[in-house]
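I opened this notebook to record what I looked up about charged side chains. The entries follow in the order in which I made them.

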Amino acid sequence: MFIVKGGVAVVTGAASGIGAALAAQLAAKGCDLALADRNGEPLKLVAAEARGYGVKVTEHVLDVADKKQLAAFVKAVLAEHGRVTLLINNAGVALMGRFDQLQLEEFEWLMDINFWGPVRLTHAFLPTLLAQPAAHIVNVSSIFGIVSPPGQTAYVASKFGVRGFSESLRHELDGTGVGLTVVHPGGVRTGISSSARIAGAVDPELGKEATAAFNKMLRTSPQKAAEVILRAVERRQPRVLIGPDASGAETVQRLAPGRYWSLMKPLMGSMGKYIGKPGQP
């Protein structure tokens, strides 16, 4: 068992959704916190709530895609807390549009946050994690790091990348005091879809309709997702799926790896009409 009480946790994407829920639940367990998010005002509220549990909380406005900000953040955390025992790479963004509708700059923007953010932060904090008697890393991937729907090439690439990076690193860390859990949430009621960037070539109205349709499929609360993640951390589980939709999708992919999407497509309902075919507006 990994004990979070008395430790120091770094949580990115902490101002809302799963990150905010993790902050509250970690504080309730007696874990000090270094909370990071690019949105400073809501982050203050999350930090204030966490301090109500009597733990030390520092808040950091951070764009995980910015190398200079990342370096300053790591330095500040170690100066304030002296160590890190739990790193949770949760920050992420979404990008709506088929691959032929995307500009490469849009693809790179997402990868800098969703993939390079976790990689760079893990690399920066790994020495202090290895120096602890026991430490743990959580990298939040997605069910779209297991199955690959159309219209999500950038997001899928980033989440498959997080999954592959995490699994290889976990094998390298075998025999050390550092564990690693990769998380694959299904439809969690966070703001990531509502705040998704819409590719410049996509009709904005169509993008809004697609977002509304996708939001209807979100079932799991952030609080439930956080509970599942922390239980997995305490048990040192290597991988965790969140929500019955994630478990179902993983099962279909495992049983029919070459044709799972043809089986899952009918479950997507009206989403197909918003994706269209390559070459279409």
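The entries below concern salt bridges in this predicted model.

Entry 1. I first looked up the total, and the count comes to eight salt bridges.

Entry 2. I examined Glu 59 and Arg 51, whose side chains meet in a salt bridge at 2.9 Å, N to O. I then looked up the exposure of each partner. Glu 59 has 31% relative accessibility and counts as partly exposed. Arg 51, at 37% relative accessibility, is also partly exposed.

Entry 3. I turned to Glu 80 and Lys 56, which form a salt bridge with an N to O distance of 4.0 Å. Glu 80 belongs to helix α3 (residues 67-81), whereas Lys 56 sits in the loop between α2 (40-51) and β3 (57-61), so the pair ties together parts that are 24 residues apart in sequence. Glu 80 is partly exposed at 43% relative accessible area, and Lys 56 is partly exposed at 36%.

Entry 4. How is the pair of Arg 254 and Glu 250 placed in helix α9? I found the two residues four apart in helix α9 (residues 244-255), so about one helical turn separates them. Arg 254 is partly exposed, with a relative accessible area of 48%. Glu 250 has a relative accessible area of 10%; because the cut-off for buried is under 20%, Glu 250 counts as buried. I also noted that salt bridges with shared partners join Arg 239, Glu 250 and Arg 254 into one network.

Definitions and conventions: Residues are numbered from 1 along each chain as its sequence is written. This is a predicted model: local features need pLDDT of at least 70, side-chain atom pairs count only at pLDDT 80 or more; totals for chains, interfaces and linings use all residues. Side-chain values use heavy atoms; hydrogens and water are left out. Buried means under 20% relative accessible area, exposed over 50%, partly exposed in between (1.4 Å probe, protein chains only).
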